[in-house]
Amino acid sequence: RLLARCSATLEKLSSSDPIDPIDIRLLTASDAEIFSALRLAVAADWELPMGCTYAEEAARPIEVFRQQLSSPFGANFGAFAYGELVGTASVLRSADSVATVHKATLWGVLVAPNHRKRSIGRRLVEVTIRYAQLHGLRRLNLTVFVPNDAAKMLYESLGFVACGLEPQSICMGGRDYDALVMSLAIEPLEE
(Lines give C-alpha, C1' and ligand atoms only; values in the text may rest on other atoms or scores of the structure.)
Protein backbone atom coordinates (compact mmCIF):
# COMPACT_ATOMS: atom_id res chain seq x y z
CA ARG A 1 0.00 0.00 0.00
CA LEU A 2 2.85 2.37 0.87
CA LEU A 3 4.55 1.61 -2.45
CA ALA A 4 1.32 2.30 -4.35
CA ARG A 5 0.90 5.67 -2.59
CA CYS A 6 4.51 6.62 -3.36
CA SER A 7 4.09 5.58 -7.02
CA ALA A 8 0.90 7.64 -7.29
CA THR A 9 2.74 10.65 -5.88
CA LEU A 10 5.58 10.27 -8.38
CA GLU A 11 3.09 10.03 -11.25
CA LYS A 12 1.29 13.16 -10.07
CA LEU A 13 4.51 15.16 -9.72
CA SER A 14 6.02 13.97 -12.98
CA SER A 15 4.97 16.13 -15.89
CA SER A 16 2.89 14.76 -18.73
CA ASP A 17 3.28 18.05 -20.60
CA PRO A 18 4.78 17.14 -24.02
CA ILE A 19 6.54 20.51 -24.15
CA ASP A 20 8.23 20.04 -20.76
CA PRO A 21 8.25 16.32 -19.93
CA ILE A 22 9.85 15.62 -16.57
CA ASP A 23 9.77 12.16 -15.03
CA ILE A 24 10.73 11.68 -11.40
CA ARG A 25 11.83 8.32 -10.07
CA LEU A 26 13.90 6.77 -7.32
CA LEU A 27 17.59 6.54 -8.10
CA THR A 28 19.50 3.32 -7.45
CA ALA A 29 23.15 2.32 -7.27
CA SER A 30 23.05 1.69 -11.04
CA ASP A 31 22.52 5.46 -11.49
CA ALA A 32 25.81 6.36 -9.78
CA GLU A 33 27.57 7.48 -12.97
CA ILE A 34 24.83 9.85 -14.11
CA PHE A 35 24.36 11.08 -10.52
CA SER A 36 28.07 11.91 -10.36
CA ALA A 37 27.98 13.59 -13.79
CA LEU A 38 25.11 15.86 -12.73
CA ARG A 39 26.90 16.80 -9.52
CA LEU A 40 30.01 17.71 -11.55
CA ALA A 41 27.96 19.83 -13.96
CA VAL A 42 26.42 21.73 -11.06
CA ALA A 43 29.78 22.18 -9.31
CA ALA A 44 31.34 23.45 -12.55
CA ASP A 45 28.60 26.09 -12.79
CA TRP A 46 28.65 27.22 -9.14
CA GLU A 47 30.42 25.39 -6.31
CA LEU A 48 28.73 27.08 -3.36
CA PRO A 49 25.47 25.09 -3.35
CA MET A 50 27.53 21.89 -3.34
CA GLY A 51 29.54 22.94 -0.31
CA CYS A 52 32.72 21.66 -1.93
CA THR A 53 34.99 22.52 -4.81
CA TYR A 54 34.77 21.02 -8.28
CA ALA A 55 38.12 19.27 -7.65
CA GLU A 56 36.79 17.67 -4.45
CA GLU A 57 33.65 16.50 -6.22
CA ALA A 58 35.64 15.12 -9.17
CA ALA A 59 37.91 13.17 -6.81
CA ARG A 60 35.05 11.21 -5.20
CA PRO A 61 35.14 7.53 -6.18
CA ILE A 62 32.04 6.27 -7.99
CA GLU A 63 31.62 3.69 -5.22
CA VAL A 64 30.78 6.51 -2.78
CA PHE A 65 27.81 7.42 -4.97
CA ARG A 66 26.74 3.79 -5.32
CA GLN A 67 26.68 3.53 -1.52
CA GLN A 68 24.71 6.78 -1.16
CA LEU A 69 22.16 5.67 -3.73
CA SER A 70 21.63 2.31 -2.05
CA SER A 71 21.39 3.46 1.58
CA PRO A 72 18.47 1.86 3.44
CA PHE A 73 18.08 5.05 5.49
CA GLY A 74 16.60 7.30 2.85
CA ALA A 75 15.65 7.88 -0.73
CA ASN A 76 17.28 9.61 -3.67
CA PHE A 77 15.01 11.03 -6.35
CA GLY A 78 15.99 11.97 -9.87
CA ALA A 79 14.22 14.17 -12.39
CA PHE A 80 14.65 13.11 -16.00
CA ALA A 81 14.03 15.12 -19.17
CA TYR A 82 14.00 12.94 -22.28
CA GLY A 83 15.92 10.27 -20.37
CA GLU A 84 18.63 12.63 -19.10
CA LEU A 85 19.10 13.12 -15.35
CA VAL A 86 18.57 16.87 -14.83
CA GLY A 87 17.85 17.14 -11.11
CA THR A 88 18.12 15.35 -7.79
CA ALA A 89 16.89 15.57 -4.22
CA SER A 90 17.57 13.16 -1.39
CA VAL A 91 16.18 12.40 2.05
CA LEU A 92 18.37 10.82 4.71
CA ARG A 93 16.85 9.45 7.90
CA SER A 94 18.93 9.02 11.02
CA ALA A 95 20.14 5.50 11.66
CA ASP A 96 21.77 6.26 14.98
CA SER A 97 19.09 6.89 17.54
CA VAL A 98 15.52 6.05 18.38
CA ALA A 99 15.26 9.64 19.61
CA THR A 100 15.75 11.01 16.08
CA VAL A 101 13.70 8.64 13.92
CA HIS A 102 10.98 11.29 13.58
CA LYS A 103 13.13 13.54 11.38
CA ALA A 104 15.26 13.47 8.25
CA THR A 105 17.65 15.67 6.31
CA LEU A 106 16.88 16.96 2.84
CA TRP A 107 20.12 17.21 0.84
CA GLY A 108 21.48 17.19 -2.68
CA VAL A 109 18.76 19.34 -4.24
CA LEU A 110 20.46 20.05 -7.57
CA VAL A 111 19.24 21.06 -11.00
CA ALA A 112 21.41 21.05 -14.12
CA PRO A 113 22.29 24.62 -15.12
CA ASN A 114 20.55 24.36 -18.52
CA HIS A 115 17.32 23.07 -16.92
CA ARG A 116 16.78 25.69 -14.23
CA LYS A 117 13.69 27.95 -14.05
CA ARG A 118 11.39 25.02 -14.93
CA SER A 119 10.19 24.16 -11.38
CA ILE A 120 12.22 20.94 -11.38
CA GLY A 121 13.71 21.72 -7.97
CA ARG A 122 10.23 22.46 -6.60
CA ARG A 123 8.85 19.17 -7.92
CA LEU A 124 11.75 17.24 -6.43
CA VAL A 125 11.36 18.86 -3.01
CA GLU A 126 7.60 18.17 -3.13
CA VAL A 127 8.40 14.49 -3.75
CA THR A 128 10.74 14.42 -0.75
CA ILE A 129 8.08 16.02 1.46
CA ARG A 130 5.58 13.39 0.33
CA TYR A 131 8.17 10.67 1.00
CA ALA A 132 8.60 12.06 4.52
CA GLN A 133 4.83 11.97 5.05
CA LEU A 134 4.55 8.39 3.77
CA HIS A 135 7.28 7.32 6.17
CA GLY A 136 5.72 8.96 9.22
CA LEU A 137 8.39 11.62 9.59
CA ARG A 138 7.43 14.74 11.48
CA ARG A 139 10.30 17.05 10.55
CA LEU A 140 12.48 17.67 7.49
CA ASN A 141 15.65 19.74 7.93
CA LEU A 142 18.11 21.20 5.43
CA THR A 143 21.11 23.50 5.11
CA VAL A 144 21.59 26.21 2.49
CA PHE A 145 25.01 27.78 2.04
CA VAL A 146 24.44 31.51 1.66
CA PRO A 147 24.13 33.58 -0.38
CA ASN A 148 21.71 31.44 -2.37
CA ASP A 149 18.51 33.45 -2.61
CA ALA A 150 16.85 31.15 -5.17
CA ALA A 151 17.17 28.11 -2.91
CA LYS A 152 16.08 30.04 0.18
CA MET A 153 12.98 31.39 -1.59
CA LEU A 154 12.09 27.93 -2.92
CA TYR A 155 12.25 26.36 0.52
CA GLU A 156 10.34 29.22 2.15
CA SER A 157 7.60 28.92 -0.49
CA LEU A 158 7.19 25.26 0.50
CA GLY A 159 6.87 26.06 4.21
CA PHE A 160 10.43 25.68 5.46
CA VAL A 161 11.43 28.23 8.09
CA ALA A 162 14.88 29.45 9.04
CA CYS A 163 15.85 28.17 12.46
CA GLY A 164 19.54 28.96 12.72
CA LEU A 165 22.68 30.23 11.07
CA GLU A 166 26.06 28.56 11.30
CA PRO A 167 28.71 31.24 10.79
CA GLN A 168 31.74 30.29 8.66
CA SER A 169 30.25 26.90 7.87
CA ILE A 170 32.53 26.36 4.87
CA CYS A 171 35.56 28.12 3.44
CA MET A 172 36.05 28.02 -0.31
CA GLY A 173 38.56 30.01 -2.31
CA GLY A 174 39.69 31.78 0.83
CA ARG A 175 36.18 33.06 1.56
CA ASP A 176 33.91 31.99 4.42
CA TYR A 177 30.25 31.17 3.83
CA ASP A 178 27.51 30.80 6.41
CA ALA A 179 24.97 27.98 6.44
CA LEU A 180 21.30 28.74 6.91
CA VAL A 181 19.50 25.91 8.69
CA MET A 182 15.85 25.49 7.71
CA SER A 183 13.15 23.14 8.93
CA LEU A 184 9.68 22.00 7.91
CA ALA A 185 7.05 20.51 10.20
CA ILE A 186 5.52 17.62 8.26
CA GLU A 187 1.76 17.36 8.26
CA PRO A 188 0.54 13.79 8.85
CA LEU A 189 -1.30 12.05 6.04
CA GLU A 190 -5.05 11.91 6.18
CA GLU A 191 -6.26 8.32 6.30
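**Exercise 1.** Among contacts in the protein chain between residues at least 6 apart in sequence, what percentage join residues at least 24 apart?

*Solution.* First, know what you're looking at: this is a predicted model, where local features need pLDDT of at least 70, side-chain atom pairs count only at pLDDT 80 or more, and totals for chains, interfaces and linings use all residues. Residues are numbered from 1 along each chain as its sequence is written, and side-chain values use heavy atoms, leaving out hydrogens and water. Next, take the contacts (heavy atoms within 4.5 Å). Of those between residues at least 6 apart, 66% join residues at least 24 apart.

**Exercise 2.** Find how many helices and strands the protein chain has, and their order.

*Solution.* Walking from the N terminus, you read α-β-α-α-α-β-β-β-α-β-α-β-β.

**Exercise 3.** Describe how helix 5 and helix 6 pack.

*Solution.* Start with the positions: helix 5 covers residues 120-134 and helix 6 covers residues 149-157. Their axes (lines fitted to C-alpha atoms over the stretch in contact, with angles from 0 to 180 degrees between N-to-C directions) are 11 Å apart, at an angle of about 45°. The helices are therefore oblique to each other: not under 35 degrees (roughly parallel), over 145 (roughly antiparallel) or 65 to 115 (roughly perpendicular). Finally, pick out the touching residues: G121, R122 and V125 of helix 5 meet L154, Y155 and S157 of helix 6.

Definitions and conventions: Helix = DSSP H or I, 4+ residues; strand = E, 2+ residues; numbered from the N terminus.
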